[in-house]
Amino acid sequence: MLTNRKVLPVALAVLLGGSLSAQETTGTIFGRAPAGENESIVLIGTNGIKREVQLPSGGRYSFSQLPVGHYTVQLLRDGRTVDSRTVTITVGGGTQVSFEVTTASMANAKNMEGVSVVASTPPIDTTLTDSRTSLTQAQLQALPLARSAEAIAMLAPGAVAGATATGFSGPTGEGLVSFGGSSINENAYYVNGLNTTDPVNGYGGLQLPYNAIATQQMLTGGYEAKYGRSDGGVINQVGRTGSNDWHYGAQIQYVPEDLSGNPVNAYYPDHSTQAGRIYRQRANNKTWNQTIAGYGGGPLIKDKLFFFLDYEVARSAGQSVGTNATGARETKYNYHDPKYYADLLWNINRNHSIELTAAGSKDNYDGTLYNYNYSALNNGASNEPTGSYISADTGSRTSTQLWTAKYIGHITDAFTVTAQYGRQVTRYGQVYASDPSQIYVAGSSYQNPLYTNGVTGGYSNPLQPLLTARNPANKDKSSNYRIDLSYVLGDHTISAGIDNLNSQDIDDGDAIYSHAGYAWQYGTATPNQPFNGGYLVAPASGYYVDKYVYNTSATVQVKQRGQYIQDAWQATDRLLINLGLRNDQFTNYNPAGQAYLRQTKPQWAPRFGFSWDVFGDSSFKVFGNAGRYYLAMPAAPALRAAGASTYTKLYYSYTGIDPATGYPINAVPLDTQDGVGVPYVVNGENGSSPDPRTVSAQNLKSEYQDEYILGFEKSFAGDWIFGTKLTYRSLKNAIDDWCDTGAGGALLKAAAAAGYDTSKESPTSCYLMNPGRANTYLIPNASGGYDTVKVSKVQSGLPQLRRNYYAAEFHLRYAPMNGRLFLDASYVYSRSYGNEEGEVDSIAGTSSSPGQTQAWDYAQIMNYANGLLPNNRSHVFKVFGTYHITPEWLVGVNFTLASGMPRVCFGAWGAHQTDPIAYGNDAYHYCGGKPSRPGDAGSSPWTHPLALSVEYRPDFARHRLAFSADVFNVFNEQKPVQYYSYLGLYGSQPGKAANLLSNPAYGVPISYETPRYVRFGVSYDF
């Protein structure tokens, strides 16, 4: 859709512990011991859990569905403790504690008299067949990390920062992450087992206060059939719970503005008509922030009822200067972002428990706008470029709250039931302060230079910074409920269940903020030549302006249903095989409550995984998995594709520009195919609701991806682990919109070839469809019925859909149970290539909706579209870890070395630089009349940010008081990360200035690495 661009560990865990899962909130402790008479294993947790199992003849034991925490495992003989080991379990994994007979006493093993038994905990978890990275609260506090789920997720191999400079962010402003070549909205977020993913666009999800995270787990592939709705990665946070020990603490962290590095300024590149001039003053775009947090938890009733509470408030303030144009502004802003978390755990008895969780976050923004005088800055004048006060900026008020209840019941030793239900609500509010009588001006860089008096960037309207306004009643709601059953039957642990998610986007939409109901938008076209698909002819100057009208508001919903069955089969003592099958159903509803996407036929997603404990002692594991993963269309596409939206453009010529407002002078309507002054209706969005039967192809299939992983892990020299993993992912199907439906278009040509009278047909302007496949459409006809037209891939002119990702990962870890050193290093070589990024377009950013990107609209758009995808980073090397120099001093490091993202050049189509489909002269994979695939324009530079931390816990405070300092981007490296990609018309020779009709901003960096900053902290933990 056209956008506005501007010993036997495996056996033990599976036979007795049940399967482990991607969004799990619990873990398993398992092992074996030399069996004898009157022997048992006792488990005692600080959370009041106490269980005991008599050792069977094989000596194997397991305790499953254990909340994350600290546990002591004891081997008892005749009621007396022989040996014990205290361990901390991680979410979704198995922790092995085996009791082994020492060699010296092996002769006494038959009667167990005088036998010396030693507990051991091997470093490799051979119960897992998936790929994951987990970090505990202690590790999160010690590492130099930003306080967000995404910053933690970036530690996982295969995770890269999303190309989000074009506006993408999470519900409360967080950055987003790409896993394994996927797009940024193909991930799933979980908090204590509840799906918290943004239901409207899939951009991020709710996350916990930093000090409330017990464990954060990143699943990067291979998860089991009980979980779906992600073909990227999973960010799973498990919150802290109370225990029999009282814990409380407080923390304050502060980032001073004065110790931060000065951001580098952005300049027009050498090939621009504005070469050498400043594009954006960034040197003073600095900020300070502070976070104050407190937590507490403990027993309300010992061994029975526990609570944990956490509350934090983050505040920040700073200033930011806009781009260099008349009407440039400086914004002085502040944020106030509180978060809370509350958890109540009730151990009804040793076999049944209920956990209640509530969490929430707010993102409050306020700012003030000032004029900014670039002329004073450029002329080196001594006067301050910050000018007079304009108005308050548009404030935002976003809040998210959730609650969830979870029951775990061990009905018998072999049968376990888990049930969970939860709800999440996000409200979006804005505080508008700008004058609605003023009209927004867009595309000022495309203004005719004859009327801009040489002003860099052209004239904009400084009195109107706001293009659109959001519906103040907008909110979204989601509810998630699931039931999981697990039964142990011999060598098989069979699991089955349901996983249902309902979401609503209520009163969502945007409209032009101005009372005039439109914005002015400037553009260029080839002089005296038809453009917009021949709808009109460009003025003799090549410069035009249009009245841009946009309005949409609706309530839509999505229902997702899932069922699964899983068999964890211990095929031999050393070989575990996971066999699973999942079935998903997705239904999307339009504002009238009618289903416009109904994907309820079986969508079988097989999952296979294995783990081979090569030597039987957890020192060498070979693992692999293969699976299919389906993804639903989020709610957002219904707002335009299935809702009553309005999107029109009325074109004018002009003979001047008001320098005070940027408005055109002597605007004269241009002649069109429909007459003088008739607006062009973009994508058929004329304010009427489309027929739900004509919104999408009749044979539409869901997006899905196939994945294959093979790897190994080998321990050496004690607790060192080296591993290698190969990954291949292939996107087999996607959903996007197709708009080649007008007169002379591919749809009506196919209809004519099928024998229909196309003069009596009125097709929808854009249909949702499966790119690169044959699709069948319903076309309304003059008799009130529908013509069924099948359009083959060849007839559509579209290429085969392609998104392939392959990677080779090498990692080295050292994480002993009680060691002074913790180290994790990884290198990933990967390639992500094709013609389909996913549901989003990182180049267009938030001006496009998921599943309604500009890609696939017409065949011309897809010419030379195959290349490196935006989330490709060919080489990524990561090292992070901590070291206890002494009991008082701790140091940490976090280093990443990564190659750049591919650059893209969009220009006019073909060697003659035309606009055959009316999408503008910067919509095609051509650069200066030559084909330009993604990546042909080069790539951004390599980056290598280094973060260091130091913490001091003095002996006199019993190590409860801590002073810390973190330095991020130690060397103040500020390489460009993402560039402006729209060139437009280009008629110059290499090495010479660009044509005046091209966009002078092409090639300007629009985002850089964050400059160096220092964070100080003081905390007390008891």
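In this predicted model, the lining of the second largest pocket divides into 20 nonpolar, 20 polar and six charged residues. That pocket has a volume of about 1,000 Å³, and of the 46 residues that line it, Cys739, Thr741, Gly742, Ser765 and Tyr858 are the closest to its centre.

- Helix H6, which spans residues 746-753, has Ala746, Leu747, Leu748, Ala750 and Ala751 as its buried residues.
- The cover over these buried residues of H6 includes strand S46 (736-738), strand S47 (767-769), strand S48 (775-780), strand S49 (786-791) and helix H7 (793-796).
- Just after H6, the residue Gly755 takes a positive phi of about 95°.

**Nonpolar cores**

- In soluble globular proteins, nonpolar side chains tend to be buried together.
- The largest nonpolar core holds 34 residues, and those that touch the most other members are Leu135, Leu140, Leu143, Leu145 and Ile152.
- Two or more residues of this core come from each of helix H3 (149-153), strand S12 (177-179), strand S13 (188-191) and strand S15 (213-221), with H3 giving the most, three residues.
- Leaving aside residues up to four places away in sequence, Leu140 touches Leu135, Leu145, Ile152, Tyr210 and Ile213.
- A second, separate core has 29 residues, among them Cys739, Cys766, Val789 and Tyr858; of these, Cys739 and Tyr858 are also listed among the residues closest to the centre of the second largest pocket.

**The second largest cavity**

- The second largest cavity holds about 380 Å³ of space, and its lining is made up of 17 nonpolar, seven polar and four charged residues.
- Of the 28 residues that line this cavity, Asp841, Ile843, Ala855, Phe906 and His925 lie nearest its centre.

**Asn590 in its loop**

- Asn590 is placed in the loop between strand S35 (575-589) and strand S36 (595-599).
- Is Asn590 buried or exposed? Asn590 counts as buried because its relative accessibility is 4%, and the cut-off for buried is under 20%.
- A polar atom of the Asn590 side chain lies 3.0 Å from the backbone nitrogen of Ala592.
- Not counting residues up to four places away in sequence, Asn590 touches Thr555, Val556, Tyr596, Ala642 and Pro692.

Notes: Residues numbered from 1 in each chain as written. Predicted model: local features only at pLDDT ≥ 70, side-chain atom pairs only at ≥ 80, totals over all residues. Heavy atoms only, no water. Core = buried A, V, L, I, M, F, W, Y, C linked by side-chain atoms within 4.5 Å. Buried < 20%, exposed > 50% of the residue type's maximum accessible area, 1.4 Å probe, protein only. Helix = DSSP H or I, 4+ residues; strand = E, 2+ residues; numbered from the N terminus. Contact = heavy atoms within 4.5 Å. 1 Å grid on protein atoms, 1.4 Å probe; cavity = no way out; pocket = protein on both sides within 12 Å on 5 of 7 lines; lining within 4 Å. Points joined across faces, edges and corners; volume = space filled by probe spheres on them. Nonpolar A, V, L, I, M, F, W, Y, C, P; charged D, E, K, R; others polar. Polar contact = N/O pair within 3.5 Å; in protein donor to acceptor, adjacent residues only side chain to side chain.
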